[in-house]
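This briefing is meant to be read alongside the sequence and the model.

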Amino acid sequence: AWWAAHRPPPVSVVAPDVDHDGLDGLATIAAGDVITDPLRTAVRRFGGKAANLARLYAFLPDEHEVPGFAIPFRHYDRYVRTNTMPDPRTPGGPPLPYADVLAALHADPRFMADPAYRAPLLGAVHDALDDDGAIDAALVAALAARIDAVFSPGVMVRFRSSSNAEDGVAFNGAGLYDSTSVCVADSLDADKAGPSHCDPNQPKERTIERGLRTVWASLWNPR
């Protein structure tokens, strides 16, 4: 009874918009954002972190508006629907889309209730998303061009999470997901040998593909 009386209200998680495909700049997101919009369009397209950063542009002087753009949920959705793995509860089973595996796990009452059972299963999904999935070559090319245009060629950039389950008023989600650095030239050099072209102190390449997998997979970190 005590826990029931003190339990916070459930976090409101908006459904993602998987149709929007523009790599919109923060200023563009801010210009089209209406904070009172009941559909929460910016959050549904790009996640809470990107939407809130864009909203700051209404208050920041020009010299403090750091460059940036957002990758919409459409590309994550395509990634989890076009790449496959076996259900980790049945090793050696038939390959299924990542999205189907995740749906099946969330329909498993034990997965939802038992953290000791859940953690290794989530770990298997995380590792598959982080290591094995194919990234659309057209997306890589579009991101390479967009990064060079927004920043400049040869600059190491930061890929950060922006999910529909973080940076909200009732739940900030700080520390749940992972960020990583990315170098366009590492994706375009036709090899996998380090060091990074953007930072010789990085012994391994920091490709766009690696950056996407790392951040997308972190949506399923056990924490």
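In this predicted model, the torsion about the S-S bond of cysteine 183 and cysteine 198 is about 75°, so the disulfide they form is right-handed.

**The disulfide**

- The bond joins cysteine 183 to cysteine 198, with an S to S distance of 2.1 Å, and both cysteine 183 and cysteine 198 are buried.
- The pair links distant parts of the chain, 15 residues apart: cysteine 183 sits in the loop between strand 4 (180–182) and helix 10 (184–188), while cysteine 198 sits in the loop between helix 10 and helix 11.

**Helix 5 and its contact with helix 6**

- Helix 5 (residues 73–82) packs against helix 6 (residues 98–106) at an angle of about 85°, and the two axes lie 5 Å apart.
- Because angles of 65 to 115 degrees count as roughly perpendicular, helix 5 is described as roughly perpendicular to helix 6.
- On the helix 5 side the contact is made by Tyr76, Tyr79, Val80 and Arg81, which meet Tyr98, Ala99 and Leu102 of helix 6.
- By class, the residues of this contact between helix 5 and helix 6 divide into six nonpolar, no polar and one charged.

**Buried residues of helix 5**

- The buried residues of helix 5 are Phe73, His75, Tyr76, Asp77, Tyr79 and Val80.
- These buried residues of helix 5 pack against several elements, namely helix 3 (41–46), strand 2 (96–97), helix 6, helix 8, helix 9 and helix 11.

**Nonpolar cores**

- The largest nonpolar core has 34 residues, of which Leu129, Phe159, Ile208 and Leu212 touch the most other members.
- At least two residues of this core are supplied by each of helix 5, helix 6, helix 8 (115–131), helix 9 (137–150), strand 3 (157–159) and helix 11 (208–217), and the largest share, six residues, comes from helix 8.
- When residues up to four places away in sequence are not counted, leucine 212 touches Ile71, Ile135, Leu139, Leu143 and Phe159.

How values were computed: Residues are numbered from 1 along each chain as its sequence is written. This is a predicted model: local features need pLDDT of at least 70, side-chain atom pairs count only at pLDDT 80 or more; totals for chains, interfaces and linings use all residues. Side-chain values use heavy atoms; hydrogens and water are left out. Axes are lines fitted to C-alpha atoms, for helices over the stretch in contact, and angles run from 0 to 180 degrees between N-to-C directions. Helices (H or I, at least four residues) and strands (E, at least two) are DSSP runs, numbered from the N terminus. Angles under 35 degrees count as roughly parallel, over 145 as roughly antiparallel, 65 to 115 as roughly perpendicular and the rest as oblique. Contact means heavy atoms within 4.5 Å. Ala, Val, Leu, Ile, Met, Phe, Trp, Tyr, Cys and Pro count as nonpolar, Asp, Glu, Lys and Arg as charged, and the others, Gly among them, as polar. A nonpolar core is a set of buried Ala, Val, Leu, Ile, Met, Phe, Trp, Tyr and Cys residues joined through side-chain atoms within 4.5 Å. Buried means under 20% relative accessible area, exposed over 50%, partly exposed in between (1.4 Å probe, protein chains only). A disulfide is a pair of cysteine sulfur atoms within 2.5 Å.
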